[in-house]
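Below is a short report on how parts of one protein chain are packed and paired. Please keep the structure in view while reading.

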Amino acid sequence: MQKSRITTPTRRRKKAAWFVLIVALATAAGLFAAWRAPGLNLYAQDQLMRTRGDLPEPDDIVIVAIDEASIAKLGQFPWRRSLTAEVLDKLAVAQPRVIALDVLYSEPTAASEDKALAESIKRAGNVVIGEQLIENRDTPEYGHSEWLRALPEIETSAAGTGHVNVETEHDGAARELLLRLADDEGNARWALALETIRVGDYLNANEISETARYVRVGTRKIPFVAAEQNVVIKKKTADSRLTIVQPLRMIIDYTGATGAFAAQTVSFSDVIEGKIAPERFRGKYVLIGATAATLGDRIATPFVHTENAEGDQHGDLMPGVEILANEINTILRARFYKNVSDWTIAVGAGLIALAVIFLTGMAEGKFEAAKQLGVVGALVTLIILVSYFIFTRAFIVPPMVPLFASLAVAMPLALLRRSLAASANLDLRIEELIAAEKRLLTVGQIDFMPSGDRDSPIETGAKKVFTGDKFLPDGLERKTAALGHLSRALIARSLFIDRALRSLEEGLLIAETNGRITFANESAAQILGFAERKLIGSDLFARLSEAGQGAEISKSLAEETLTELLDEQKTIEREIVIGGKTPRYYILRLSAVVSNENGFNETLGIVAALSDVSQHRELQKTKNDVIALVTHELRTPLTAIQGMSELLTEHEIEPEAQGKMLLTINSEAKRLARIVNEYLDITRLESGAQKIRFAPLDAEAVIEQTLLLLEPLAARREIKIVRRFAATESNINADAELLVRAITNIVANAIKYSPDKTSITIETRNYGETLKIIVRDEGFGISADQLPRIFEKFYRVPQRKQLAEVAGTGLGLALTEEIIELHGGRIAVESEPHKGSTFTLFMPLTQ
Ligand code: ADP
């Protein structure tokens, strides 16, 4: 797979193009999510704030709450203003840092009441009051905005005035503080929170200023969130010039849900009643405002959806004074969140896309689907963890939604790319298979498919569905169909080849280059005498030398052969003999399996073919025998006959000598006839031309029958024949005529090759299922070196001079051996020169 993975420049270019496309689309999706789904982004921001949990309660802020308890005690709100004046006086005694009055005093009430309040404000000296920007719908220009100002005497008494407008998003939640607000005339107010801080820091009104990135309150720097657009406002000045007023926003870091300031909250009525120790207010930021639900003015915050342990959803809105407390706390603790720029979002989304490409590329192989899911899970977790970390540690509102959007776009695209690449790769594999299929057995129209699969011709079947390396490859289903066709076709062909190899009559072995056998057909198993199973995995040369006679293939030879085979890629041919008793001859042909697929000749393995040449050898031998017969055996008597007959015809010869010559001619002619007859007999037996007529016989009776003819011969030379029939069982199945000939030959030889006046013993004995017929003489014997050759055709032991007259053909023992072996028996000989010889015939007894 690795090896065949093709990475051509075009494929690399295509891959790079895909990566660029994925990153671009994912980045675009990220930016789109940032711009077009602000709600989702805010939801994520809220989620992060809620996950972070409550902040420690500040101990420098105190809320004086106009709460339900105070209304119960002091009656319906609004109260007379002298009540507030009373509270202010009480608070002033405790010397708070600053008092913020989150109550609007725009409408006049009784003059004495208004005066009392204005005076108490003036006395305290550090009271800031709230004013509100409202839309006046009565003016001709609908939506004209203007300040709802406090009564002049109250306004002038206050140390500062700040706007109390709370800006909410489309979902009604207040997340940001507008640091400055201006009406249509360009009359701007800083937020009440800012004014409270300024007065708390004992700064003059002109000590709040705006720089390019901050709103400065003395030394405090409040970074503001960049505004999307500037608001051009007409400022009512002498020259009526236009002034650009930027909306400046600060993200409010809520300490927690509504009621988070409970411990810092005191009831308005308790203050009037003097129940609160003045120490509680000393040096604190004291905020006076309504918390009673009946007074309205409650707004949603990011914490509005809280869930308790039981999973109940709560939705407590927050009173304005508590929002003010949160705003002041944010500034005092300098917990300023920054939004990230679009560039950062783009880079983040791009990085997510790159991570997706990289990780999906790595997550392959085993359990791929699970790994890919793991990648999604890991990236989601990473985005959440990193977002949480930078939100809580670096006070950056992370672009979570854009990152998720990028992930959501990049992931399926990356998977699509991978599957398209795999699909294109599959196309190449199919192409390879089609090519291979064409090269494998190009035997015209032979259909190798087993019947049943014939309906789908290989090539057309595969080709019809194969479309090649297009930009958008075909569907998997089509490819599976193509692969199905191809694999069935290839399997069928492989099976066909396998069957062909197995059906070979020749023995066939295939081995790896190290000699390990990987394939052996039935014939090879039979020839080598090992089961197929045993052959596979074993060493080719070891098996060949084990099966072969002698050491035709010794270890060193094997190595030599291997180098010749593998390095020089030569074909090696040699004859080996396999089998003991009836050896068979084989031509062993070893050749290298060579492939030049990669441009050079590479040896992949070894093929060994064993062809049986025994029959051929047999014929060869017969031919040699015939040549020997004609050249040596027949020529001698023929020359004698020819010579003497010439003498007789051409010369006057004395009658006595003439008679002798005629006798010799006659005996030579007879000898000639005998040789020819005996040779033909053997050949007939060897070739199977002569049928053997098996019949149940008593072997001892057959021996008696032969001796009847031979005894007179022996008697002439005063040789005694001794019978020693010790066999209890001598019934055999044999051809009587042939058996007589065999025994006659052995006994005749014993007589022929023994001096006069010796004795010959003929013995029978039982030996298990076998009958032994032993013929022992006291003759000349045969030397050990001649012994193995006496059974060869025409072979006669070279005789000493005094024995020259012993006639013979050299065929007797060969014929005898052939007869005995045809009866399933064997013949053995022991001999010692000058002592005598013993011939033993082993014949199977009838069962
Ligand atoms: P031949 O016609 O020469 O006897 P055989 O095939 O019968 O041919 O015998 C082959 C040779 O074996 C003989 O020439 C002889 O030298 C030797 N031979 C066979 N039998 C005996 C024996 N009993 N004693 C000694 N030599 C023998």
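The model is predicted.

| Strand | Residues | Bridges to strand 16 | Sense |
|---|---|---|---|
| Strand 1 | 61-66 | 6 bridges | parallel |
| Strand 2 | 98-101 | 4 bridges | parallel |

Opposite Ala290 of strand 16 stands Ile66. Ile99 has Val286 of strand 16 as its bridge partner.

**The nonpolar cores**

The largest nonpolar core contains 71 residues, and the members that touch the most others are Leu179, Leu194, Val215, Ile222, Leu287 and Ile328. Helix 12 (residues 400-439) supplies 10 residues, the largest share of this core. Another core of 56 residues lies apart from it, and its members include Ile653, Met661, Val747 and Leu811.

Which residues does Leu194 contact, leaving aside its neighbours within four places in sequence? They are Leu179, Ile208, Val215, Val217, Ile222 and Ile331.

**A helix pair**

Helix 21 (residues 655-687) packs against helix 24 (residues 812-822) at an angle of about 25°, and their axes are 10 Å apart. Angles under 35 degrees count as roughly parallel, so helix 21 is roughly parallel to helix 24. The crossing of helix 21 past helix 24 is left-handed. On the helix 21 side, the residues that meet helix 24 are Glu678, Asp681, Ile682, Leu685 and Glu686. Helix 24 contributes Gly812, Ala814, Leu815, Glu818, Ile819 and Leu822 to this meeting.

In what order do the 5 strands of the open sheet lie? The order is 29-31-32-34-33, and the pairing is mixed. Strand 29 (720-725) and strand 33 (826-832) are the edge strands, each pairing on one side only. On average, neighbouring strands in this sheet are turned by 15° against each other, with direction ignored.

Ile827 stands opposite Leu841 of strand 34. Helix 22 (residues 699-716) lies across strand 29, strand 31 (759-767) and strand 32 (770-776). Relative to strand 29, helix 22 runs at about 170°.

Definitions and conventions
Residues are numbered from 1 along each chain as its sequence is written. This is a predicted model: local features need pLDDT of at least 70, side-chain atom pairs count only at pLDDT 80 or more; totals for chains, interfaces and linings use all residues. Side-chain values use heavy atoms; hydrogens and water are left out. Two strands pair if DSSP finds at least two bridges between them. Helices (H or I, at least four residues) and strands (E, at least two) are DSSP runs, numbered from the N terminus. Axes are lines fitted to C-alpha atoms, for helices over the stretch in contact, and angles run from 0 to 180 degrees between N-to-C directions. Contact means heavy atoms within 4.5 Å. A nonpolar core is a set of buried Ala, Val, Leu, Ile, Met, Phe, Trp, Tyr and Cys residues joined through side-chain atoms within 4.5 Å. Buried means under 20% relative accessible area, exposed over 50%, partly exposed in between (1.4 Å probe, protein chains only). Angles under 35 degrees count as roughly parallel, over 145 as roughly antiparallel, 65 to 115 as roughly perpendicular and the rest as oblique. A crossing is left-handed if the near helix is turned anticlockwise from the far one by less than a right angle, and right-handed if clockwise.
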